[in-house]
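Here is a short report for a reader meeting this structure for the first time. Have the sequence and the model at hand while reading.

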Amino acid sequence: MSPAPPRWRPRAGPHPRPGPGCRAAGHTLCNHTWDHSLTIGKKRPGKIQDDLRRTNEAIRAAVPGAEIPFFRAPGGNFTDALVQTAYTDGMTSLYWEVDPRDWEHTEKEDDAAHVDKIVKGVQKETRPGAIVLSHDFNQPDTILAYEQLLPWLTENFQLGIPDQPPAPTAAAPGPASSL
């Protein structure tokens, strides 16, 4: 009996899927950590930075010259240290407003019911400006759901990439007081 395949593996590491065509097609790449650690935010900033940089290096090896403007913490487990470290490395942290829980496929749920759950969840919760969390890795039902969702989303919303906030700047000095 062969061992079960891993639930997760690095996307830009040993099994890269993105290629130079990714950038040419207008896709935006996002750092999601090297090994999907749900506790990365509890690590020392240096360890966090090592993980994020290793991931960025692998992404850029697969997509030379890629910009990586965003970071998303596994499980949404953001900490101040994690957000600040990502920002120091030039990435804005993204959270999501809509989570159809596409990764949660119960044994009692057939594929058609799972697709329907994803579609209905996204349609019910999505509002202008919302970020929808979705997973394509080992989630064929998510891909099928988006065959239905993309026409609906493009008809009802303007799809795009979130704006990046400007870098923090020092406060401008106030007017000099005359004594």
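The protein has five helices and three strands. Both kinds of element are DSSP runs, numbered from the N terminus: helices are H or I with at least four residues, and strands are E with at least two. Read from the N terminus on, the order is α-β-α-β-α-β-α-α.

The model is predicted, so local features need pLDDT of at least 70 and side-chain atom pairs count only at pLDDT 80 or more, while totals for chains, interfaces and linings use all residues. Residues are numbered from 1 along each chain as its sequence is written, and side-chain values use heavy atoms, with hydrogens and water left out.

**Overall**

Of the 179 residues, 33% count as buried. Buried means under 20% relative accessible area, exposed means over 50%, and partly exposed lies in between (1.4 Å probe, protein chains only). Contact means heavy atoms within 4.5 Å. Take the contacts with a separation of 6 or more: residues 24 or more positions apart account for 66% of them.

**The sheet**

Three strands form an open sheet. Their order is β1-β2-β3, and the pairing is parallel. Which strands stand at the edges? They are β1 (30-31) and β3 (92-93). Each has a single partner strand, so one side of each is left without a neighbour in the sheet. Strands of a sheet pair through backbone hydrogen bonds, either parallel or antiparallel. Here, two strands count as paired if DSSP finds at least two bridges between them. Strand β2 (residues 70-71) is joined to β3 by two bridges, and the two run parallel. Phe 70 has Thr 92 of β3 as its bridge partner.

**Two cores**

A nonpolar core is a set of buried Ala, Val, Leu, Ile, Met, Phe, Trp, Tyr and Cys residues joined through side-chain atoms within 4.5 Å. The largest one has 14 residues. Leu 52, Phe 71, Leu 82 and Met 91 have the most contacts inside it. Helices α2 (45-62) and α3 (80-88) each supply at least two residues of this core. The largest share, four residues, comes from α2. What does Leu 82 contact, leaving aside its neighbours within four places in sequence? Its partners are Ile 40, Gly 41, Ile 48, Phe 71, Ala 73 and Asn 77. Another core, of nine residues, lies apart from the largest one. Val 115, Ile 118, Leu 149 and Phe 157 are among its members.

**Helices α4 and α5**

Helix α4 (residues 111-125) and helix α5 (residues 140-156) have axes that come within 9 Å and cross at roughly 35 degrees. Axes are lines fitted to C-alpha atoms, for helices over the stretch in contact, and angles run from 0 to 180 degrees between N-to-C directions. The crossing is right-handed: the near helix is turned clockwise from the far one by less than a right angle. Residues in the contact include Val 115, Ile 118 and Gln 123 of α4, and Leu 144, Leu 149 and Trp 152 of α5. By class, the contact has ten nonpolar, four polar and two charged residues. Ala, Val, Leu, Ile, Met, Phe, Trp, Tyr, Cys and Pro count as nonpolar; Asp, Glu, Lys and Arg as charged; the others, Gly among them, as polar.

Gln 123 sits in α4. Leaving aside its neighbours within four places in sequence, Gln 123 is in contact with Leu 149 and Trp 152. Gln 123 and Asn 156 are 33 residues apart in sequence, and their C-alpha atoms are 9.9 Å apart.

**Single residues**

The table gives relative accessible areas.

| Residue | Relative accessible area | State |
|---|---|---|
| Thr 33 | 5% | buried |
| Thr 55 | 6% | buried |
| Gln 123 | 30% | partly exposed |
| Arg 101 | 35% | partly exposed |
| Arg 54 | 45% | partly exposed |

Thr 55 belongs to helix α2. Beyond neighbours within four places in sequence, Thr 55 is in contact with Asn 31, Thr 33 and Trp 34. Arg 54 is also placed in α2. Its C-alpha atom is 6.9 Å from that of Trp 34, 20 residues apart along the chain.

Most residues other than glycine have a negative phi. Thr 33 is not a glycine, yet has a positive phi of about 80 degrees. Thr 33 lies in the loop between β1 and α2. Arg 101 also has a positive phi, of about 55 degrees. Its place is the loop between β3 and α4.
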